[in-house]
Every structure is written in structure tokens, then in C-alpha cells.
Amino acid sequence: MGGRRGFLVQAALLAATLALVALVAADVLQNMARAGLTPGFGFLGRPANFEIGESLIPYSASDSFARALLVGLLNTIMVAIAGCALATILGVTLGVARLSGNLLLKGLVQAYVEVVRNTPLLLQLFFWSATMHALPAPRRALMPVEGVFLTNRGVFFPWIAAEGGLAWTVLAGFTVAVATAGYAAFRRPRNARLLLSAAALLAAASLGAALFGDPGLSIDAPRLGTFNVSGGFGISPEFLALLAGLTVHSSAIISEVVRAGLQSVPEGQWEAAHSLGLSRGQALRLVVMPQALRVIVPLMISSYLDLTKNSSLAVAIGFPDLVSVISTSANQSGHAVETILIMVAAYLALNLSVSTVMNRYDAKLAARGFAAP
Amino acid sequence: MAYPKLLPARLVATFVLAVATFAPSPAFAGPTLDKIRERGAVKVGVGTQPGFFSPDSSGRWQGFFVDIGRALAIAVFNDPDKVEFVSASPQQRLPALQSGEFDILLSGVTETITRALQLGFHFGPVVFYDGQGLLVPKKLGVTSGKDLDGATVCIQTGTTGELNISDFFRANKIAFKPVAIEDTREFIKAFEAGRCDVMTQDASDLGLKRALLKTPEDYVLLPERISKEPLAPAIRWGDDRWLEIVNWTVYALIQSEELGITSQNVDEKLASPDPSIRRFLGVDPSLGAATQLDPKFAYAIVKALGNYGEIFERNVGPATKIGFERGLNRPWTAGGLLYAPPFR
Ligand SMILES: N[C@@H](CCC(=O)N[C@@H](CS)C(=O)NCC(=O)O)C(=O)O
């Protein structure tokens, strides 16, 4: 298409789209007015008046609708990030296993992929939910290790309770020390030694403070309350069921993506790596995988987006994700159209940020010379 | 580069539905009554619980609310079978009613000011006076809702119960952990599996759900009712005549019980000298022309389905497996709240 004509067509399209949106919006507003409804986002500041089962930020029923929606959004983000990470680990492992010489392993992975891909995700979620509910009640909790409770109310384990500024400083010190040590050990920068010694020093100082300074650190172990387990760190059965369902479902798809990516690398690359004396593992890690990534990454983006969107099935099994909180807010406030607009905007933003981040990574690969030809 | 898929089909569908909700077609394609006559059947939105609404083994719908739907079909078509029942979850049913998926919702919906004025629904007369209850396993040894500090509570999304429960715990300064589930079967399963200490819903609904549990005798409904739940038929705004047909069909059921007219004796009552009975049953046809209804519509309803009391007793009364007491759902003359304005 010629530049000028192309521009005109684009402009006309844009104008038509905007006109359509305006038309629909005017129509909706007019009809809402005729039905006696009062549209607007003012309700967001009013108290939500409903509780939410789990939240990453402090929340209670007297907080605003806006905060309730934020709680739902954060829950969605939490399960999406955890799901993408776990599905990638599991999916890559399975994809590599599928190409192994071991026939049994190959067959098992293939069966897994077929079963998972050919059953509806909602059904799988019901299955995981039923599995979590089959765990014993708190009073008869399974205790695989002392202090860890597996119950139908969730999984609970001891956690560090920190009180006061010193406690947080000590914890921060430890975290930084561990992160630095990890970086130095795996990335092996030139100043690795220096970093390692600094990390050791920091760790020793934190330990000293913790042992001699009484910084208000203690172990918060879960214990049985009247109805529930209290204390410790708890993960709800709904979150676990949703996470398991999303992870398993996406890992099957990712494993196929990984397999296709690895197979797209010419056989000669393996042979060349072998003749250089690299082991099979080294060949995979250093020669084949980097080339396969150019096929894998774009497909991975769409798996991540699918996982994020699929997390909206949460409401069926009782996890308070964004859709669940949106539904309750619509029910409570009566502002159905507005809440749905918010939901559409939030998913759009979420998915656009996932694809932006991944496209950046893709571009970086391209810059390193691994782009698709 | 692959283009990102932006939105799940489900979200888009919801959005389109929401827009369609307010688009001109359903609300202004002429009054609902025209559509009903054209279609030749009343479309009724219901739930899925035996006693109130469920298909029997031959696929025929049965239940308390189903009978009210059939009474409407008699009022409009003089035929209890010119009615279609469509089930919808509590979360879906109000949007579905708004978008015209059915002509009336008879699924145990509570009349509230938000639903009336913010969502734009009219409610017919209350057909079941109820209140929200708390169902707990007997082995918890709990006797009052106030003992439930720290409990986990299963609630169903889209219901008034989802909102009342927060008020109850806040008012009593105790805490709880909600597990909010949309799907009715998943909701029951979660409670039965012990995921929650308490299940909360309309007391009637809990009674119906308890009957579905494997060991109903292991559960007890706590005595308090934490809210008022007047269950009433709901319709869209903008259908005055349809609303009046709904009103007077329900009143006919209530009035016949007050007058002592039953499916058994309705034919004898045709010979009654009492002018109010003669007008009610259409022996004296003076009410016919103005109402544009068959002057004998009340007769036909009672003949086919019985009066309010008979419908209650047959579907959920003490003699059934569900075993509800009449309570407030008795005629005002017997100390209840059922009261019909005069048929004159
Ligand atoms: N009255 C409450 C709750 C209504 C409700 O949940 N009703 C039950 C029947 S009584 C229901 O529809 N359950 C879902 C089903 O039957 O599938 C409200 O209006 O929000």
C-alpha cells in the first residue's frame, strides 16, 4: 500500500472505530438513563461491605470498592505469576523429556500431554478442588514434617515472625546476602570473590544481631484454633487448586512448544556440539536451546496470556480473583456495566504488560543474533 | 511476532451481554406481554433445587416456584403447560433477566432497594417470607451464630447472603473467613467436604440443600435468622400490564386460601351465594372486561394447581421430605403475612 493512501485508510479506520465506540457509549448511557439507572464510577470510593477470603494487602469490609478490586487484581497477578513460573519449569522439563531416548519416559510424557490437553480446564479445576477438599480436617491434619499442617482448610507451615525495625533490618540483611551470593555463584562475574566475601560478612553480621541483639524475631508455628489452623504461613486450598490446575494445563502446552522449538534446530547442531566434545546436557544448554528459543519465546507469550486469562475460572472453585471480586462488586453496588468495563480494562492492561515484557525479551534475543531468520 | 490474544471469549461475551442489557432491542421491542403471546409460552428463570424447582424423572418441572410459573401460564394462556423453565445461577440470573432471556425470575430472589432502583427491576408480591440462616455440622457443638468467631463460611456469589454475612459478623464484632463459590453444586460439595464450618444462604435454600446432603441428620440449622429475605417474582421495568398480571396471579393464590377455596371444592364453590366468591371465581363476570383477563382465571388456577396453601404443602410442607413449617407464610387471617388486596 502506498504511504499516502495507506495513511488515509488508517485514518479512516481509526475515525470509524472511534465513531462506533462513541455511538455504543451514547446508546448505553441513553438506555441506562431510560431504565432509570445512574451510571458513574463514584461508587468506587464507597465502602464495599463484603469480606474477601484472602488478600495480599490489608483489607476489611469497611474498605472501598476500589480497594476490593485491587485485592482481586493482586490475587489474579499472584496466581498468574506463580502459574507461569511453575508451568515453565514443568513444561520445559517435560518437553526435554519427550525428546529423550527413553521410550517409557517419552510415552508417559505423551500420555500426560494428551490427557491434559483433551479435558476441559474447568473440569480439571473441579478435580483439583475435590483433591484439596479430600485432605483431612484441621483436627486430624496430616503432618509430613513437625509443624507443617496439610488440611482441607489449606497448607500451613512455620514462618518467621518479625517485630520492630531491627527485625526487618536483620531479615533484609540476610536476603541481600543470599541474593548476592547466588548472583556471584551462578553468574560468576569478575569480582565474584569480592562479592562472596561481602555476602558472608553481611550474613555473619545479621546472624550476630539476631543472636545477641534480641531483635524481635521468632518462629511463628501454625497451631489448631477452635475452627481453623491459626498462625504460621497458610496457603488456601482454592489457591492451591487453581495453581495446580493452571500449571498442569499450561505445562502440557508449553512442553509441546519446547519440543517443537528443539526439533526446529537442525540435527547437525547436535552433531557439531558432540564433535566438540560437549556432553548431551551441555549441547542442549549451550548450543541447541539458545537457538530453539527464537521459536519457543513467541509461542510461550501466548501460553502465558492464556494462563492469565484462564485464571478467571477461579470463581467456580471459590478463589477470590479479579473476576470474583468484580462479580460481587456488581452484585453489591448494582453498577454492572461499570464494573465490567473495569474488568475489561484490567485484563487488557495485564495482558498487554505480559506481552510487552515478553516481546522485549524476544527483541533482546534478536539483538543477540538469535532472531528468527 | 504473534499478536497477543487480548481477552478471553468469556469476558467479551459478558461485556457484550452487559451492553446488550441496555441496548434498545430487549427493553423496547414492545412489552414483554406481546412477546409472551407471540411465543405462545411464558419463559421463567428458576434455580435447580428439588422442592422449589427441579425437573422430575420424566423431565417435567416441579416445585413451589414452578407452580407459580404455571399459574402465570394459566392466567395468560389458560394452560399450565405453556411455560418454559430456564435455570440460571444466582450470579447470572439478574443480568439474564435484564437482557431478556426470560420474562420473569422465580428463583427465590430477594426484593431489595438496590435491585429495584439501581438495577431496574420490579418485584411482584412476596411469595415466600424467609430469612438468612446458618447451617453447621452438629459435631461442632455450636448453638448460636455468635459462637462462630474465626469460622470459615461458605457463601454463594451473587446472593444477598454474600452481603448480609459480613454485616452479621461485623455487628457482633467477630471474625470469619469467607469462601465464595458461584457454582451451586461446587458450593454444596465444598461444605460437605468440610472446607467450611458454616454454610449460609436463605434458610429455605439451606433446608433444600440439607436434603441433598449425604447425611442430612448430621447438620443443624441454627435458630437465628440474620436478615429478612422476602422472596418475590422479579421482572424488568417498562411492562406495567405484565406486572399487574403477575401481581394478581399471586393474589389469586393467596385469596383462594383465605376464602377456603381448594382444588377439591372449587367446583362446589361455583354455586356459592357469597358475592365475593362469585366475583373471584368469575361466576359474576364483572371483573373480566377491565382486566382483559379471562374472568375465570382464578378458577382455572385453583382448579389446576390448588391455592397457595396447597402448593406450599405439596412441594415443601411438613409432609414432604423437605418439611418446612408455614411460619410467616400463612394467610394474615391465620397469623401469617400473606395478604391479598380486594378482588373488586
Ligand atoms: N434470596 C437470595 C438468594 C437466592 C438464591 O440463591 N436462591 C437459590 C434457590 S432458593 C438459588 O437460586 N440457588 C441456585 C440454584 O438453585 O441453582 C438472593 O436473592 O440473592
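Analyst: Happy to. One term before we start: two strands count as paired if DSSP finds at least two bridges between them. Strand β9 (residues 151–156) of chain B and strand β11 (residues 198–202) of chain B pair that way, in the parallel sense, over 2 bridges. Keep in mind that this is a predicted model.

User: Thanks! Which residue stands opposite B:C154 in β11(B)?

Analyst: That would be B:M199.

User: What holds strands together in general?

Analyst: Strands of a sheet pair through backbone hydrogen bonds, either parallel or antiparallel.

User: Okay, now the ligand. Which residues are closest to the ligand?

Analyst: The closest are B:T48, B:R93, B:T110, B:R115 and B:D202, out of 21 residues that surround the ligand.

User: What does B:T48 do there, in terms of distance to an oxygen atom of the ligand?

Analyst: A polar side-chain atom of B:T48 sits 2.6 Å from a ligand oxygen atom. On the nitrogen side, an N or O atom in the side chain of B:D202 is 2.6 Å from a nitrogen atom of the ligand. B:S107 uses its backbone: one of its polar backbone atoms is 3.4 Å from a ligand nitrogen atom.

User: How much of the ligand does the protein bury?

Analyst: The protein buries 99% of the 500 Å² that the ligand exposes when taken alone. The elements giving two or more residues to the shell around it are α5 (90–98), β11 and β13 (229–231) of chain B.

User: How many residues in that shell are polar, nonpolar or charged?

Analyst: The shell has 11 polar, 5 nonpolar and 5 charged residues.

User: Switching to chain A: where does UniProt put the "transmembrane region" annotation?

Analyst: Its unreviewed entry gives residues 68–97, 118–136, 156–182, 194–213 and 340–358 of chain A. Residues 68–97 of chain A are 100% helix and 0% strand, with end C-alpha atoms 43 Å apart. Residues 340–358 of chain A are also 100% helix and 0% strand, and there the end C-alpha atoms are 27 Å apart.

User: And which strands form the open sheet in chain A?

Analyst: There are 3 strands, ordered β1-β2-β7, with antiparallel pairing. β1 (149–151) and β7 (233–235) of chain A are the edge strands, each pairing on one side only. Neighbouring strands are turned by 15° against each other on average, direction ignored.

User: How many bridges join β1(A) to β2?

Analyst: 3 bridges join β1(A) to β2 (residues 154–157) of chain A, and A:T151 stands opposite A:G154 in β2(A).

Technical notes:
Residues numbered from 1 in each chain as written. Chains lettered and ligands numbered in written order. Predicted model: local features only at pLDDT ≥ 70, side-chain atom pairs only at ≥ 80, totals over all residues. Heavy atoms only, no water. Helix = DSSP H or I, 4+ residues; strand = E, 2+ residues; numbered from the N terminus. Axes fitted to C-alpha atoms, helices over the stretch in contact; angles between N-to-C directions. UniProt positions renumbered as here; feature names shortened; annotations may be inferred. Near = heavy atom within 4 Å. Polar contact = N/O pair within 3.5 Å; in protein donor to acceptor, adjacent residues only side chain to side chain. Areas by Shrake-Rupley, 256 points an atom, 1.4 Å probe, with all protein chains shown as cover. Nonpolar A, V, L, I, M, F, W, Y, C, P; charged D, E, K, R; others polar.
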